[in-house]
Amino acid sequence: MSRVLLVTLCLPLLALPAHATTHHAHHSAHHAHAVKPAKSASPKSVLAVVSGSIDAHSLLMPDQPYPLKEWDGSLSALRDAATARVSPWLAAMVDNTTLYAACRDGIVQTLPAPPQAAPARPAPSSPCGIQAGEESIVLAWDRGRLGDAAPDWGDFWDIARHPGKRALRLDPRGTLEIALMADGVAPGDVYTILATPAGVDRAFRKLEQLRPYLVWWRTPEEASRIMNSGAALMLSTPYDRLADLGPRISFAAQWRQSLRQKLSWAIPRNVPAEQTDTVIRMLRDQTPLHDDTQDAPQDGRDVRVLSMNDTFWALNFDALQKRLQAWLTSAP
């Protein structure tokens with residue numbers, strides 16, 4: 001279903017429950033004229049969007065003519081789509097680090113430069129992408145077991161005060177930043193420290209403290225399953241996944257020191273040229289965007305959000321992914 005969202009750039013300090021009534025009130029007016037897109041006879045007419053974004057109403061998709069399908073955002077899924085006989089998607093919304101790898105490997109198309117008369121927009125981070133907004137990784141906690149007081153990343157590591165399992169993404173992106181913030185590093189200093197061997201060692205030492213209590217998720221859907229099953233007391237999760245919980249599940253989001261990850265539209269390499277031209281015009285003219293901050297409290301205070309550094313991860317992802325795998329398989 002096509003969803004509409006007004007983009008909000010200011011993130012405040014307080015935490016709100018995932019199913020806060022303000023969320024529904026905020027969106028009732030925006031969705032009054034939403035029309036469910038007709039199903040297409042061809043799978044090639046689908047746009048792939050961030051997992052959980054449809055239920056979370058986090059898409060601004062003005063008059064776009066294509067049905068939407070959620071996907072897990074992984075490079076392997078994008079590669080499968082791009083190497084199939086027929087691509088299942090016209091375009092996919094992807095985080096910028098994954099876009100960098102897909103562009104480097106020729107999985108997605110290099111796009112022509114926009115016409116000079118095109119409206120001014122933020123410059124694309126890659127020649128293969130068109131700006132598609134941002135998504136948030138937040139700390140979510142089980143209010144039924146932990147209460148209403150919002151924990152922070154320091155509390156996430158405090159097993160003595162808050163016994164129970166913790167869940168993190170099985171990926172260095174986001175996970176290492178969280179470890180450093182839990183160790184007292186200010187968001188503005190995270191990448192300066194993480195760019196050094198000593199900073200990487202520090203992040204893994206912090207993770208080592210939680211090793212016996214950690215469960216891992218690889219995809220956003222797995223983060224939802226962890227919350228629905230009660231497998232962890234606290235976890236990092238894409239904010240959109242909190243909209244997909246069962247009615248008895250009482251997880252809420254802490255926006256302080258959340259992570260913001262930039263997104264782009266990418267077009268699989270096997271989309272035919274005539275369809276590519278059409279979808280590029282639509283993506284540039286109508287600027288379909290993702291933004292998931294509609295439930296963030298709006299008091300204007302600084303929540304010290306960390307914007308994930310695309311350049312850092314483009315340069316360091318492979319090495320840090322190998323380091324994470326080596327740590328996971330090492331003796332505790």
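I take contact to mean heavy atoms within 4.5 Å. I note that the model I examined is predicted.

**Entry 1: helix α2.** I looked up the buried residues of helix α2, which spans residues 75–83, and found L78, A81 and A82. These three lie on the same side of α2, because they cover an arc of only 95 degrees around the axis. I then asked what covers the buried residues of α2.

**Entry 2: the chain as a whole.** I recorded 11 helices and 12 strands in the protein chain. The chain has 332 residues, and 52% of them count as buried. Its accessible surface comes to about 14600 Å², and carbon and sulfur atoms hold 55% of that area. Among contacts with a separation of 6 or more, 77% join residues 24 or more positions apart.

**Entry 3: the nonpolar cores.** I recalled that nonpolar side chains tend to be buried together in soluble globular proteins. The largest nonpolar core here has 36 residues. Within this core, the residues with the most contacts are F156, W157, L176, L194, L207 and W313. Elements that each supply at least two of its residues include the strands β6 (130–142) and β10 (251–266) and the helices α6 (172–182), α8 (197–210) and α11 (310–329). I also found a second, separate core of 22 residues, with I54, M61, L263 and V279 among them.

**Entry 4: residue L207.** I asked which residues L207 touches, leaving aside those up to four places away in sequence. I listed W157, L168, T175, L176, A179, L214 and W327.

Technical notes. Residues numbered from 1 in each chain as written. Predicted model: local features only at pLDDT ≥ 70, side-chain atom pairs only at ≥ 80, totals over all residues. Heavy atoms only, no water. Buried < 20%, exposed > 50% of the residue type's maximum accessible area, 1.4 Å probe, protein only. Helix = DSSP H or I, 4+ residues; strand = E, 2+ residues; numbered from the N terminus. Arc of directions from axis to C-beta. Core = buried A, V, L, I, M, F, W, Y, C linked by side-chain atoms within 4.5 Å. Areas by Shrake-Rupley, 256 points an atom, 1.4 Å probe, with all protein chains shown as cover.
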